[in-house]
Amino acid sequence: MVKQSLKNMSPQKRRMYMRRRLVALAALVVVLALVIAGIVGIVHVVHSSGDSSSAVSSSSQTSSQSNKSKQSKQTSKSDKQSSSDKQASSKTDQKDDQKTDDTKQQEQKNTVKNCNASNLQASLAADPVTVGVGGTVKFKATVTYTGNSQCLIDLSNAKRVLTITSGDEVIWRSNVCPVDSRMLLMSKGASGSDESTDTSEIVWNTNRTSDTCVEDGELPHVDAGTYVAQLSFPDMKKLSSPQVPIIIQ
């Protein structure tokens, strides 16, 4: 029927009809293209939204972990700083206590007099008194305070000297090698109290000292014979112990 209508049309009308049909077809193609483009755009937006949400979630987790790590480090630093402050405070307290003790000792030194030969007694005992060549003798050196108040004295080996002699010859001395001082506060206690007495042990390996400090194991042993041991005090010439004979066989 359309063909018959076209046949009945004039050529001019027929061309116009064909143009209208082409325009309608083109419009339909455009509409279909727009619909397809819209669908593709919606799918892309939905997909992008999902990726963005995942990225935001991942970023949030990373940020949270980073913040936790920073907080943990800050807490660790804070704990270390607190521990360091406590240690520094403890050391400061110890130094202050040491200063206080030193100050007290210095005050005592400033107010207490030094001991002298008139208020001290010295005694010496040997074990054994007879020993073989190369043997060892242990001495007990005792200093007793006989005064009525207090006094200070250095009872180190440098100031309370054990000397071994043979005739006029000095064989061994306890003060050849340097030692630290040993300051003691001697005071009169109750009867039998140890406050007024100091006892120290001195070991002699039956060897001969030199004029300079030498390791004890490097000193030569003395020969068999009789030797004499005695305590003396370089700062108090009048104070000494009774002599103790030692026999080396």
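Two strands count as paired if DSSP finds at least two bridges between them. Helices (H or I, at least four residues) and strands (E, at least two) are DSSP runs, numbered from the N terminus.

**View 1. An open sheet of 3 strands in a predicted model.** The strand order is β1-β3-β8, and the pairing is antiparallel. At the edges lie β1 (120-127) and β8 (197-204), each of which pairs on one side only. Neighbouring strands of this sheet are turned by 20° against each other on average, direction ignored; axes are lines fitted to C-alpha atoms, for helices over the stretch in contact, and angles run from 0 to 180 degrees between N-to-C directions. In general, strands of a sheet pair through backbone hydrogen bonds, either parallel or antiparallel.

**View 2. The pairing of β1 with β3.** Strand β3 covers residues 137-145 and runs antiparallel to β1, with 8 bridges joining the two. A126 has F139 in β3 as its bridge partner.

**View 3. The protein as a whole.** The protein has 2 helices and 10 strands. Along the sequence, the pattern is α-α-β-β-β-β-β-β-β-β-β-β. Of its 249 residues, 22% are buried (under 20% relative accessible area, with exposed over 50% and partly exposed in between; 1.4 Å probe, protein chains only). Among contacts (heavy atoms within 4.5 Å) between residues at least 6 apart in sequence, 66% join residues at least 24 apart.

**Notes on the model.** Residues are numbered from 1 along each chain as its sequence is written, and side-chain values use heavy atoms, without hydrogens and water. The model is predicted: local features need pLDDT of at least 70, side-chain atom pairs count only at pLDDT 80 or more, and totals for chains, interfaces and linings use all residues.
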